[in-house]
Amino acid sequence: AAFRGIRLALPPSLAREHVRPGQVVKIRAEGVGEGFFALASAPHTGAGAELLVKRGGKVADAAITAAVPGGTLAITRPFGNGFPVEDAEGRDVLLFAAGSAIGPIRALVQHLAFHRNRFARVTLFYGQRHGAEFAYRAEHLDWERRGIRVVLCPSGADDAWLGLRGRVQEVA
């Protein structure tokens, strides 16, 4: 698979800094460099923090290699403003993600589902090149059950895909 999910057990001092969906961390890989990664989990989940990394980048591959039980990663505290979720309260919410951008959008979906009564209709348009590449497939049904419409949009030719096809902006 092109993507790999990594679950991090953040020390309490770092966990307290994770306050909004859409925040990021910087990972430093010895001898490789550093990179920015969006947190793929909402702060309220209590399961630590999660990342979705795309294989093939030097820092991402180093993070995947270190992501073993008991392994360690050099990361910064979560930072950034995140998504302005309070601005959407009481309104319809349209979400768009393509490729690895589903990571931070997943954090937002978790937040919206947890606080579902604060928002009107919520629809996620999520695109990948091929139907088999959609991340978090096991969670999509739960998102739907929590009142978040999920529209999957593969853009490439894929004989096995029976649903909508095209880029997210075209399908929307």
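**Around strand E7**

Author: Phe 125 is buried, its relative accessible area being 9%. Keep in mind that this is a predicted model.

Reader: OK. Which way do the residues of E7 point?

Author: Val 122, Leu 124, Tyr 126 and Gln 128 point one way, while Thr 123, Phe 125 and Gly 127 point the other way. All of them are buried.

Reader: And what does E7 pair with on the E6 side, parallel or antiparallel?

Author: Strand E6, residues 93–98, runs parallel to E7 and is joined to it by six bridges.

Reader: How many bridges between E7 and E8?

Author: Seven, and the pairing is parallel, with E8 covering residues 148–154. Gly 127 has Cys 153 in E8 as its bridge partner. The chain gets from E7 to E8 through helix H4, residues 137–145, and that β-α-β crossover is right-handed.

Reader: Switching topic: how many aromatic pairs are there?

Author: The structure has three. In one of them, the ring centres of Phe 96 and Phe 125 are 5.3 Å apart with planes at 10 degrees, so the pair is stacked. Phe 96 is in strand E6 and Phe 125 in strand E7, 29 residues apart.

Reader: Is Phe 96 buried or partly exposed?

Author: Partly exposed, at 38% relative accessibility.

Reader: What about Tyr 126 and Phe 134, stacked or edge-to-face?

Author: Edge-to-face, at 4.9 Å centre to centre and 80 degrees between the planes. Tyr 126 is buried at 0% relative accessibility, and Phe 134 is buried at 5%.

Definitions and conventions:
Residues are numbered from 1 along each chain as its sequence is written. This is a predicted model: local features need pLDDT of at least 70, side-chain atom pairs count only at pLDDT 80 or more; totals for chains, interfaces and linings use all residues. Side-chain values use heavy atoms; hydrogens and water are left out. Buried means under 20% relative accessible area, exposed over 50%, partly exposed in between (1.4 Å probe, protein chains only). Helices (H or I, at least four residues) and strands (E, at least two) are DSSP runs, numbered from the N terminus. Two strands pair if DSSP finds at least two bridges between them. A crossover is right-handed if, with the strands pointing away from the viewer, the path from the first strand over the helix to the second runs clockwise. Rings of Phe, Tyr and Trp (its six-membered ring) pair if their centres lie within 6.5 Å; planes under 30 degrees apart count as stacked, over 60 as edge-to-face and the rest as tilted.
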